[in-house]
Amino acid sequence: MPWDVLRSIEFRSPLGPAAWWALAAVPVGIVALYFLKLRRRPVTVSSTLLWRKSLEDLHVNSLFQKLRRNLLLFLQLLVIALTMLALAGPRMKGTSGRSQRFVLLIDNSASMSATDAPPTRLEQAREEARKVVRNMGGDDLAMIVSFADSARVVSNYTGDKRLLLRRIDAIEPTQSSTSLREALQVAAGLANPSRQIGEGVVASDQVTPKLFIYTDGGFADVDGFSLGNLEPEVVVIGPPPPPYSPPGEGSAAVDSGAEVHNPSDNVAVVALQGRISDDRPDVYQLFGRAHNYRAEPVKTEAQLFRRQLDKPGDAGALVDAVALEIPPRADQAFKFDIPETRLAQYEVRLPVEDALAVDNRAFAVVGNARKAQVLAVSAGNRYLLDAFNTPTAVDRADVRIVTPDEAKGEEVAREIRGGRYDLVVYDGWRPDAPPEANALYLGVFPPGALYDKTKAVESPVILDWNIGHPMMQYIRDLSLVYVAKANIVELPPGATTLIESNVGPLAFVVPREGFTDAVLTFPLLDGKTPNTTWFRYISFPLFLFNGVEALGNVRGSESELTASPGKPVPLRAETAEKTIQVVSADGSKTETVERNPQGTFVYNQADVAGLYTARWANDGMLPFAVNLFDFRESDLAPRGLIPAGAPESQAESYKIKIGYSPVAGVSGLPVVKLDWWKHIAVAGLVVLLIEWYIYNRRVYI
């Protein structure tokens, strides 16, 4: 019997130790009776031939006789053994009592490296998945998919338990964000096809697959997704939520339908941005924010380390520190002044012990200021053109203005395809293909089927905006802005909302193959008439300025948009060579990156946060930073478990929405106990009947 099967067997006996000692004496007594010589009384009969065995026993002078092979003795001992085994209550742990198909989705995003579920959340998720594999029946099949910001098929359908366990053990943690939609798409496509051959096994389409999702819930709800015949079960990994507190009595109180944020053991750097000081051009300033996710205040400090350019993976030297006193579940900003203009690398650390270490560090590159190369396609929007002509914008970017007709021309189209610009702004005009650059769409959506289904709305009310995002830095007056018309669309995977209204997002950003698209869902002009009053407020030119800095690759403004773990990083290497060399964050390996047909170098190995360096020719160098600035990953409070005492009216807000209905998570899968004692007891009864029959048959003969 395989070891994994033996591990799934457990015993549960109703007898105590005294009863077991008494029961153990029964087979000893049976054997003793067969050892003892029987004393018989002599009887005279007409013939002694049939009693030869008995006469031989009379000639034995010893108290005990040699134990002969005896079928009745064997059957009696077998009955007692089966009775004892049945009384031991053996049963096998399992997930089902019938043939089944399992689809196991294992979250290996950054938050799954948290240590608040020892040793880590990922290891607990792997162990929960191992339980399903170990308890699989002989006809069961399972497939495994790991997911973070993208999904990867770890194993197709197979019934080989050893192979499945090896594949589960091979799932490594990442520092990427979480997106469940792609994993569900993969699972729905591969889970139960008519002919799915994986690891040499054909999956039947007659069995409804069971979908197990092992995650801490650090992702957006997956709206509008059809699960088909998949039956989802969300296994939430992490500490359980605190008991429910009614409104006014604790932080866990929520309104029905509101998103829940319980405290968690984490403190993180959630933003870091550098720019030249407005007052002193020879000074760079690093602006950052730290967030405390705990329920109690935290006293710590933000430490600034200078890293050496010629020593990748260098620990750095401490050059400054700022004391921080962060209130519970709140932010605190900090700033460093760096009196130098040379190219330099810096790291900010929070020396605090918490459950997730990766977000306690942030990285930035300053010095050698570089202007953004911006192309604006507009039919003469004077509000937009005036914003790009401000002294601050001119100091940060070289802006070229063209009309939509000029943008269709061969010269401009060739420059866009060749990666000539860092940022292309489309004002009310939608191109046929996305540019080889970051893009800002004003009143139009990027090309592609994802944005074909839009809903026109009138007079949307701005409710909130994401001040933690680099494009929304220092913006405070959006509640005064009026919008006449807008178009609402379902956000694509990986999108981040910038401006939220009562009818949906009015602005968002979304990654695109190494680039980033920022979208404003309402036009600035309706024909020649303003569609919004945003032009009257300082936040409008500030929004454009933030967009130029965040999307225009301005040196000293490294941001999460172009450098997040696990995402492709486009590199603006100012060289005519066909290849460049990129040194990893720890300096352990160097990757050769080739120029793509569009003329851009794209680095795809930025898997961890840190400082990377691209090099070419003799002295060409471009350092860049990769940071995990993701509120969902740093917010370690597991999502999906309903706290104890929560009323039914508010339980909905704690569930995870997958497809068209909310799903309540569980902390572990229920294990079905397959009792064996009844079958063993029946087998013992059958053996007892056989023994009785043989005994009576012999007496009759």
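Colleague: Let's start with the overview. How many helices and strands does the protein have?

Modeller: Keep in mind that we're looking at a predicted model. The protein has 15 helices and 38 strands. Of its 701 residues, 49% count as buried. As for contacts with a separation of 6 or more, 69% of them join residues 24 or more positions apart.

Colleague: Next, the cores. Which residues touch the most other members of the largest nonpolar core?

Modeller: A nonpolar core is a set of buried nonpolar residues joined through their side chains. The largest one here has 39 residues, and Leu440, Met471, Leu478, Ile499 and Trp534 touch the most other members. Helix α12, residues 539-551, gives the most to this core, with six residues.

Colleague: Take Leu478, then. What is Leu478 in contact with, leaving aside neighbours within four places in sequence?

Modeller: Its partners are Ile462, Trp465, Met472, Ile499, Trp534 and Ser539. There's also a second, separate core of 25 residues, with Val103, Ala151, Leu184 and Leu227 among them.

Colleague: Back to α12. Why is α12 described as largely enclosed by the rest of the structure?

Modeller: Buried means under 20% relative accessible area. In α12, 11 of the 13 residues are buried, so the helix is largely enclosed by the rest of the structure. The buried ones include Phe540, Phe543 and Phe545, along with Asn546 and Glu549.

Colleague: And what about its length? How far does α12 reach from its first C-alpha to its last?

Modeller: You compare the end-to-end reach with what 1.5 Å a residue would give. For α12 the reach is 17 Å, close to the expected 18 Å. Just after the helix, Asn553 takes a positive phi of about 55°.

Colleague: Now a residue in another helix. Is Lys408 buried or exposed?

Modeller: The cut-off for exposed is over 50% relative accessible area. Lys408 has 56% relative accessibility, so it counts as exposed. Lys408 is found in helix α10, residues 404-408. Its C-alpha is separated by 8.5 Å from that of Pro431, 23 residues apart along the chain.

Methods. Residues are numbered from 1 along each chain as its sequence is written. This is a predicted model: local features need pLDDT of at least 70, side-chain atom pairs count only at pLDDT 80 or more; totals for chains, interfaces and linings use all residues. Side-chain values use heavy atoms; hydrogens and water are left out. A nonpolar core is a set of buried Ala, Val, Leu, Ile, Met, Phe, Trp, Tyr and Cys residues joined through side-chain atoms within 4.5 Å. Buried means under 20% relative accessible area, exposed over 50%, partly exposed in between (1.4 Å probe, protein chains only). Helices (H or I, at least four residues) and strands (E, at least two) are DSSP runs, numbered from the N terminus. Contact means heavy atoms within 4.5 Å. The expected span of a helix is 1.5 Å times one less than its number of residues.
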